[in-house]
Amino acid sequence: MLKILKVSGDSMEPTLSNEDVVFIARKKNFYENDIVVVNDKVHGLIIKRLKKIYENEIQLVSDNTKTKSITCERTYNHSDIIGKYFFRISSNNFLCKLFQS
């Protein structure tokens, strides 16, 4: 299954920028350093890099070292992963306008 989402915020810069459109694929296998979308019970869907995989939990990290994200201070269950990032359309690309709501 494919999901299309819009990035909100700068925590994943320079990899992903605010307003970028990203394509997420539902996958069963994830690896450290993958970019994933996780369902956070407080903040909703978040996109972060997979820092560490434990037996039952995962740890996330932002790419932007100039910011701090509260969502990276806790661990998540494997089942919280919605999918894996595989493609983006830059926010300054005219195609991105097609996905604006």
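Me: Buried means under 20% relative accessible area, exposed means over 50%, and partly exposed covers what lies in between (1.4 Å probe, protein chains only). The model is predicted, with local features needing pLDDT of at least 70 and side-chain atom pairs counting only at pLDDT 80 or more, while totals for chains, interfaces and linings use all residues. Residues are numbered from 1 along each chain as its sequence is written, and side-chain values use heavy atoms, with hydrogens and water left out. Is aspartate 80 buried or exposed?

Reply: Aspartate 80 is found in the loop between strand 6 (75-77) and strand 7 (81-89), where helices (H or I, at least four residues) and strands (E, at least two) are DSSP runs numbered from the N terminus. Its relative accessibility is 9%. Because buried means under 20%, aspartate 80 counts as buried.

Me: Which residues does aspartate 80 touch, not counting residues up to four places away in sequence?

Reply: Contact here means heavy atoms within 4.5 Å. With residues up to four places away in sequence set aside, aspartate 80 touches Val37, Val38, Asn39 and Lys41.

Me: What distance separates the side chains of aspartate 40 and tyrosine 76 in their polar contact?

Reply: Aspartate 40 lies in strand 3 (residues 35-40) and is buried, with a relative accessible area of 3%. A polar contact is a pair of N or O atoms within 3.5 Å; within protein, one must be able to donate a hydrogen and the other to accept it, and residues adjacent in sequence count only if both atoms are side-chain atoms. A polar atom of the aspartate 40 side chain lies 2.7 Å from the backbone nitrogen of valine 42. The polar contact between the side chains of aspartate 40 and tyrosine 76 has a distance of 2.6 Å.

Me: How far is the charged end of arginine 74 from the centre of the ring of tyrosine 76?

Reply: Arginine 74 and tyrosine 76 are both among the residues in contact with aspartate 40, together with Ile46 and Thr71, once neighbours within four places in sequence are left aside. A charge sits over a ring if NZ of Lys or CZ of Arg is within 6 Å of the ring centre and within 35 degrees of the ring normal. The charged end of arginine 74 sits over the ring of tyrosine 76, at a distance from the ring centre of 4.0 Å.

Me: How many residues apart in sequence are the parts that glutamate 19 and lysine 6 tie together?

Reply: A salt bridge is a side-chain nitrogen of Lys or Arg within 4 Å of a carboxyl oxygen of Asp or Glu, and the side chains of glutamate 19 and lysine 6 meet in one at 3.6 Å, N to O. Glutamate 19 lies in the loop between strand 1 (2-6) and strand 2 (21-25), whereas lysine 6 is in strand 1, so the parts that this pair ties together have a sequence separation of 13 residues.

Me: How far apart in space are valine 36 and isoleucine 82, C-alpha to C-alpha?

Reply: Valine 36 lies in strand 3 and counts as buried, at 0% relative accessibility. The residues that valine 36 touches, not counting residues up to four places away in sequence, include Phe30, Leu50, Leu60 and Ile81. Valine 36 and isoleucine 82 are 46 residues apart in sequence, while their C-alpha to C-alpha distance in space is 7.4 Å.

Me: Which residue is the bridge partner of leucine 50 in strand 5?

Reply: Two strands pair if DSSP finds at least two bridges between them, and strand 3 pairs with strand 4 in the antiparallel sense over 6 bridges, with a hairpin of 3 residues joining them. Strand 4 is also joined to strand 5 (residues 57-61) by 4 bridges, again antiparallel, and these two strands form a hairpin with 3 residues between them. In strand 5, the bridge partner of leucine 50 is leucine 60.
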